[in-house]
Amino acid sequence: MVLGHVVGKAILDVEFVSNADHHAAEGRQAPRDGELEKALAEFDKALAMDRRHAGALLGKGIALKLKGDKAAAREWFQKAEDADPRSDAGREARRHLDNL
């Protein structure tokens, strides 16, 4: 019974990660369509599923930067870098921090 529970939890975790990735991807597309508020909502959905999703953290920072809120953007870029400094998202977050 414990094995079934562990396997079920692993499948559930994979589903949440997949859904978080989906919302992060939707959030990345939204600014291209001029929809910054939709982007922020999608990144928030991704982060509700995976609070350390570096792509969603980075995306939220970019959306806030595009809205002109540099202080909030800096906070989210820092969170993205802290979540996964060696990933593409973490390195891009560092570039944004250096250029703010």
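1. In this predicted model, helix 2 passes helix 3 in a left-handed crossing. Helix 2 covers residues 36-49, and its axis comes within 9 Å of that of helix 3, at a crossing angle of roughly 155°. Angles over 145 degrees count as roughly antiparallel, and helix 2 and helix 3 are therefore roughly antiparallel to each other.

2. On the helix 2 side, this contact is made by Leu36, Ala39, Leu40, Phe43, Asp44, Ala46 and Leu47. Helix 3 contributes Gly55, Ala56, Leu57, Gly59, Lys60, Ala63, Leu64 and Leu66. By class, the residues of the contact of helix 2 with helix 3 are eleven nonpolar, two polar and two charged.

3. Helix 3 (residues 54-66) also packs with helix 5 (residues 88-99), at an angle of about 25° and with the axes 9 Å apart. Angles under 35 degrees count as roughly parallel, so helix 3 and helix 5 are roughly parallel to each other. The crossing of helix 3 and helix 5 is left-handed.

4. Which residues of helix 3 and helix 5 meet? Helix 3 supplies Ala54, Gly55, Leu58, Ile62 and Lys65, while helix 5 supplies Ala89, Glu92, Ala93 and His96. The residues of the contact of helix 3 with helix 5 comprise five nonpolar, two polar and two charged. Gly55 is listed in the contact with helix 5 and in the contact with helix 2.

5. On the aromatic side chains: the count of aromatic pairs is zero, with ring centres required to lie within 6.5 Å. The ring of Trp76 has the charged end of Lys79 over it, 3.9 Å from the ring centre.

Note on methods
Residues numbered from 1 in each chain as written. Predicted model: local features only at pLDDT ≥ 70, side-chain atom pairs only at ≥ 80, totals over all residues. Heavy atoms only, no water. Axes fitted to C-alpha atoms, helices over the stretch in contact; angles between N-to-C directions. Helix = DSSP H or I, 4+ residues; strand = E, 2+ residues; numbered from the N terminus. Parallel < 35°, antiparallel > 145°, perpendicular 65-115°, else oblique. Left-handed = near helix turned anticlockwise from the far one by under 90°. Contact = heavy atoms within 4.5 Å. Nonpolar A, V, L, I, M, F, W, Y, C, P; charged D, E, K, R; others polar. Phe/Tyr/Trp six-rings, centres within 6.5 Å; stacked < 30°, edge-to-face > 60°. Lys NZ or Arg CZ within 6 Å of the ring centre and 35° of its normal.
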